[in-house]
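Colleague: Could you walk me through the salt bridges in this one?
Modeller: Gladly; here is the model.
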Amino acid sequence: MRLVLLGPPGAGKGTQAERLVAHYNIVPLSTGDLLRVAVTAGSPLGLKVKDIMARGELVPDDLVVALIAERIDAPEAKNGFILDGFPRTVKQAQALDRLLSERGLKLDGVIELRVDEDILVDRIEKRIRETKAKGQTARADDDPVVLKQRVAHYRKQTAPLSDYYHQKGSLLAMDGMQGVDKVEADIERALQERVSVGG
Ligand code: AMP
């Protein structure tokens with residue numbers, strides 16, 4: 001199973017990705033997580049992207065595309081993967097198309113979690129509170145000012161992907177404002193319908 005998960009920051013992509021990973025025995029490929037690991041490790045990639053990420057801006061395409069290519073080629077991904085946070089722009093989506101077709105692979109579906117923007121701030125504030133309650137440090141970009149910037153980037157650069165994948169017939173749009181279990185059930189149903197019609 002090869003999937004893409006789309007949705008603005010705070011839409012619940014991480015939670016749904018975890019559930020899909022367990023259900024289909026596939027690997028999660030979150031560019032945000034992979035980049036944060038690089039920043040924490042202080043690797044050459046991490047040093048390049050640290051400040052860009054803290055400002056809520058997008059990291060250059062060549063860096064994220066190379067990161068994804070490497071992970072798709074890894075043996076752990078042979079059963080499939082779920083991309084979370086990539087592609088972020090139509091240009092990245094085209095790069096992903098090329099990457100997959102070069103390997104004779106294709107996506108089984110693109111799941112979009114739709115959430116109203118005013119709900120996102122509440123969700124991110126909750127994530128910050130929960131992280132702090134666990135005694136952990138909140139993400140540098142989980143901050144109300146940076147969040148607005150990230151949502152604006154999403155609206156401008158990532159939301160057009162919805163049309164891009166709709167035109168290709170691979171978009172599965174979900175109401176991401178429902179409870180976590182309901183969203184999960186909707187995704188499962190949509191994927192099963194897709195598989196049963198041979199989509
Ligand atoms: P996320 O965890 O998906 O919200 O990503 C956190 C940050 O990582 C973003 O604000 C960007 O700075 C960077 N990032 C993650 N994925 C990408 C991507 N596909 N393209 C460019 N930058 C990305």
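What follows is a short talk about charged side-chain pairs and their surroundings.
Modeller: This is a predicted model, in which local features need pLDDT of at least 70 and side-chain atom pairs count only at pLDDT 80 or more, while totals for chains, interfaces and linings use all residues. Residues are numbered from 1 along each chain as its sequence is written, and side-chain values use heavy atoms, with hydrogens and water left out.
Colleague: How many salt bridges do you get by your rule?
Modeller: The count is 14 salt bridges, taking a side-chain nitrogen of Lys or Arg within 4 Å of a carboxyl oxygen of Asp or Glu.
Colleague: What does Glu117 pair with?
Modeller: Glu117 forms a salt bridge with Arg155, at 2.8 Å from N to O, and this pair links distant parts of the chain, 38 residues apart, with Glu117 in helix 6 (residues 117–133) and Arg155 in helix 7 (residues 144–158). Helices here are DSSP runs of H or I with at least four residues, numbered from the N terminus.
Colleague: And Asp186, buried or exposed?
Modeller: Asp186 is buried at 13% relative accessible area, where buried means under 20%, exposed over 50% and partly exposed in between, with a 1.4 Å probe and protein chains only.
Colleague: Which residue is 2.9 Å from Asp186 in a salt bridge?
Modeller: That is Lys182, by the closest N and O atoms; Lys182 is partly exposed at 40%, and because the two are four residues apart in helix 9 (residues 180–196), about one helical turn separates them.
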